[in-house]
4 protein chains.
Amino acid sequence: MAKSKFEYVKSFELEDKCLPGCWIVVRIDGKSFHRFSDVHHFVKPNDERALGLMCRAAQTVLEDFKDIVLAYGQSDEFSFVFKKDTSVYNRRNSKIVSNVVSLFTSAFVMFWPRFFSTQDLQYPPSFDSRIVLYPNDQILRDYLSWRQADCHINNLYNTVFWKLVQGKGLTPAQAQQRLKGTLSSDKNEILFSEFDINYNNLSDLYRKGSVLIRNKVGLILTSSGNQTRSKSAFSNNHHLQSSRILTLHCDIIREEFWREHPEILNPKKSS
Amino acid sequence: MAKSKFEYVKSFELEDKCLPGCWIVVRIDGKSFHRFSDVHHFVKPNDERALGLMCRAAQTVLEDFKDIVLAYGQSDEFSFVFKKDTSVYNRRNSKIVSNVVSLFTSAFVMFWPRFFSTQDLQYPPSFDSRIVLYPNDQILRDYLSWRQADCHINNLYNTVFWKLVQGKGLTPAQAQQRLKGTLSSDKNEILFSEFDINYNNLSDLYRKGSVLIRNKVGLILTSSGNQTRSKSAFSNNHHLQSSRILTLHCDIIREEFWREHPEILNPKKSS
Amino acid sequence: MAKSKFEYVKSFELEDKCLPGCWIVVRIDGKSFHRFSDVHHFVKPNDERALGLMCRAAQTVLEDFKDIVLAYGQSDEFSFVFKKDTSVYNRRNSKIVSNVVSLFTSAFVMFWPRFFSTQDLQYPPSFDSRIVLYPNDQILRDYLSWRQADCHINNLYNTVFWKLVQGKGLTPAQAQQRLKGTLSSDKNEILFSEFDINYNNLSDLYRKGSVLIRNKVGLILTSSGNQTRSKSAFSNNHHLQSSRILTLHCDIIREEFWREHPEILNPKKSS
Amino acid sequence: MAKSKFEYVKSFELEDKCLPGCWIVVRIDGKSFHRFSDVHHFVKPNDERALGLMCRAAQTVLEDFKDIVLAYGQSDEFSFVFKKDTSVYNRRNSKIVSNVVSLFTSAFVMFWPRFFSTQDLQYPPSFDSRIVLYPNDQILRDYLSWRQADCHINNLYNTVFWKLVQGKGLTPAQAQQRLKGTLSSDKNEILFSEFDINYNNLSDLYRKGSVLIRNKVGLILTSSGNQTRSKSAFSNNHHLQSSRILTLHCDIIREEFWREHPEILNPKKSS
């Protein structure tokens, strides 16, 4: 029963450290969420409960991992950005990848009843997770832009698709055929002319996805979704622990967001 | 909003394929479970509810990943052994590591109320996960022996430790001091002479941990925990879906287990 | 000028250890040797000087790296097999890959004049190198069989091709066209009927490539190329340092070679 | 002899691509060059022939690999910097690491007689090689500063050490003892007061090492070692192929060098 004669097997555990000096992005994706959303009767094309639950789970991850500076989510995916010089778990890839996805999943299941009060979980949902390293700010921003552009493209498509199915009675196959080869402008036109919908008036939650960042002491959220410096420390007293994480639905492709939040890319510039 | 100009960022996702021809072991470990077990009032040294829940979560993983041939669990850890030639997720490390730990965590939280009917979850528990590759059967068996020897050593220690604390009123520090430098034989002796406990009579669940394997058609479980060939196919009709996974609490260090289950190491030898 | 403020850059050097318990194969390949062989007027299809030089360079590598149990070479490539449990350079991938290819190249250039007495080097030749890990003996043998089968296939093709060009005056394009789609049997037939050549009578050096193994004390080489146990220690006195490495041109695909040299796969069985 | 049944072994060759967007530095180091320099009677502390040969070998590497923007060498080591966005060998680690060290070694041996006309090679020298990735310009510069600071520190030490041995008749052990714990200023003082040597007047080749960069059309080397724009295209006609590589012995720690050569860090700024 001596443990020592077997301990040589530990030597098979190889180091998998992430290159220093790079942004560490952990992206999680729902596994077979097409089926999961059907079984659990998600509203199409966007289920506000599901999106809210995704954000709640992401918030849990940010509360636990202090070195995450931003998270971006849309549909059944979420990306978590660890600051460039983080030493979390000594930058070990598997440790980071697994802890983040495990905590996210755990929160997703635990908080499910808060968001789906009338719909029980039929089976345990799961997510995969990967790490991608980005060596500089521009490439990191391009990564986030890629995900937000993806959100836009999918949401526009899904919005028209489900309108055709739910509003016009087309079968999914017919709707798909109708949209084949159409440009964004064509889809906007269909929405406007056939359904009297101005796509740009739809909820930012759907069109932009969700951006979670840390609220800084002395900052409050203005009605425009942007932050301004608070004159009074008082307002912050109303913030609970969890409210230290801000959930925005804003454009992160354009320069503006990054100018307003210089502390994200450069924590030392933080006010 | 064109997605394409950002898509170059995908080139930063590097391949992380596991070497072919090796056993893939995924080991998950509870994160800060010392604290978690305190907050949720786990019975010490072994909480049957927690161990049952761990096994239930592991069972979910085996039901989903058909290429897992064996899982071994003890305390807050579980090891999943994928067959040598598995092509699950094209053997991508992150995919496997993340999907397994996510599903395990999901099941752990979802099934929590079944095992802890009077104790709500206070916060979302999480697990880390890593892959270790073992190039041949002997080293794989040594790995499993290492974990089971670890189970034995820890359980013997914890059993005496908590007896001293709960039965004799020692403080944790005093109990620790008392056990410092003692051999296994010393601990057995303390249990026997001071608490009238024969360690070998304690539950196999505690002393051996849990071994999950697949039940083969035509096999039934004998009272000794070993399998014998069933003469009748009838008995299998009683097995439900979930009962296709057997949970044993037997010795996997000795030759005997492997002689009885040749199909684990060599699926082609399976009856 | 303080070195210490810059030393953090060392943290960017990541570990690249080879998985323990696996055969480490280092394969080197000539870079642009088609051009190199033209510029240096290699005899086609096989230049005995070049093949001899390759073997001499490989011998230098075996003399330096005691954990190499076998090397196999053909054309402008050589594979070096390190024993499964080698701890050379602590199994660091880059260290092994670079040292082997550097020493091979160094010997290739240094010994060039011995093999090409009338032909100066026109420019420095180079080789690339990679490590492949093979987790068990069978797969290692399949790897070596793959390289030897490759030797056979290429050599048969090249032998006929150059006969057509040199003996029949076909242009390379015509020879290529003539051989398109032919089977091995077709090529053998062309050699026999048109050039009166029995392929099997050609030199083993060309057809089988070169196998370098270590000569064991107390073993001598018989005329058949196989080893038998020497009755007398005397014969070994004739062996110089370098003759401790045997260069064979034998079949390593069939069982026979491995039965005669059990010490290659299992050093402990060595006599 | 069918090759195909063995070809599955190729699946064991795993991808080892370098992260995009990072500087790729290949550093080669002489293997056991302490012994090599003794056997080949190198002049101590600096052998001009050996340093010249190192630079000649490095020049060959730069001529072959067009994506190397700078090389820095000192003692028996050389670092080659590939531009951030190089796609050489599709950024495969082993390919790059092995080809560079092989070509360097090849040139080192081939050009040996040009530099050591009266000293034959006694055995084939070799080098190891590794890749380190640096995600941004500052860290790359810090890496190069680290190597040049190392050059300075070692050269100062070696200069005093060998003066004590060669000029004062101390044994190596005595010289080592004498220098134990001394600061740079102490060593400078010993040189000045005991040997009448002003360290700063020693050759830049020894004190700064060697910097190889590409000569741009329209640039000529001034006497100060800096480049100025040439008024006349004529002067360039005198440059042979190999003279397109400049070998400098200048400070690369300070800002000046990088201001004069902006094209190194940003090829698009190249004139």
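Modeller: One thing before the record comes up: UniProt positions are given in the numbering used here, feature names are shortened, and annotations may be inferred rather than shown by experiment. Also, this is a predicted model.

Colleague: Fine. Which residues of chain A does the "tRNAHis guanylyltransferase catalytic" domain annotation cover?

Modeller: Residues 6-135 of chain A, according to UniProt, and the entry is unreviewed.

Colleague: How much helix and strand is in that stretch?

Modeller: Residues 6-135 of chain A are 35% helix and 22% strand.

Colleague: What does UniProt list for residues 96-116 of chain A?

Modeller: A "transmembrane region", again from an unreviewed entry. In the model, residues 96-116 of chain A are 90% helix and 0% strand. From end to end, the C-alpha distance over that segment is 29 Å.

Colleague: OK, domains. How is chain A divided?

Modeller: Into domain 1, residues 17-135, and domain 2, residues 137-209. The centres of the two domains of chain A, taken over C-alpha atoms, are separated by 24 Å. Domain 1 of chain A puts 18 residues into the contact between them, and domain 2 of chain A puts in 19 residues.

Colleague: Let's stay in that part of chain A. At what angle do α5 and α7 cross?

Modeller: Roughly 35°, with the axes of α5 (residues 137-168) and α7 (residues 184-195) of chain A coming within 10 Å. On the α5(A) side the contact includes A:His152, A:Leu156, A:Tyr157, A:Val160 and A:Leu164. Facing them from α7(A) are residues including A:Lys187, A:Ile190, A:Leu191 and A:Phe195.

Colleague: And by class, how many nonpolar, polar and charged residues are in that contact of α5(A) with α7(A)?

Modeller: 7 nonpolar, 5 polar and 4 charged.

Colleague: Left-handed or right-handed crossing for α5(A) and α7(A)?

Modeller: Left-handed.

Colleague: Now chain C. How far apart are the axes of α5 and α7(C) there?

Modeller: 10 Å, and the two helices of chain C pack at an angle of about 35°. The crossing of α5(C) and α7(C) is left-handed too. Among the residues that meet are C:Thr159, C:Lys163, C:Gly167 and C:Lys168 in α5(C), with C:Ser184, C:Asn188 and C:Glu194 in α7(C). The class count for the contact of α5(C) with α7(C) reads 7 nonpolar, 5 polar and 4 charged.

Colleague: Switching to the assembly. What rotation superposes chain B on chain D?

Modeller: One of 180°, with 0.0 Å of shift along its axis and an RMSD of 0.0 Å. That is the relation of a two-fold axis.

Colleague: Which residue of chain B comes closest to that rotation axis?

Modeller: B:Glu15, whose C-alpha is 3.2 Å from the axis.

Colleague: Why do you say the B and D copies meet through the same surface?

Modeller: Because 100% of the interface residues of chain B are also interface residues in chain D.

Colleague: Last one. What is phi for C:Asn90?

Modeller: About 55°, a positive value although C:Asn90 is not a glycine. C:Asn90 belongs to the loop between β3 (77-82) and α3 (93-110) of chain C. C:Asp196 has a positive phi as well, near 60°, and is placed in the loop between α7 (184-195) and α8 (204-208) of chain C.

Note on methods: Residues numbered from 1 in each chain as written. Chains lettered and ligands numbered in written order. Predicted model: local features only at pLDDT ≥ 70, side-chain atom pairs only at ≥ 80, totals over all residues. Heavy atoms only, no water. Helix = DSSP H or I, 4+ residues; strand = E, 2+ residues; numbered from the N terminus. Least-squares fit on C-alpha atoms with pLDDT ≥ 70 in both. Contact = heavy atoms within 4.5 Å. Axes fitted to C-alpha atoms, helices over the stretch in contact; angles between N-to-C directions. Left-handed = near helix turned anticlockwise from the far one by under 90°. Nonpolar A, V, L, I, M, F, W, Y, C, P; charged D, E, K, R; others polar. Domains from an automatic or database assignment.
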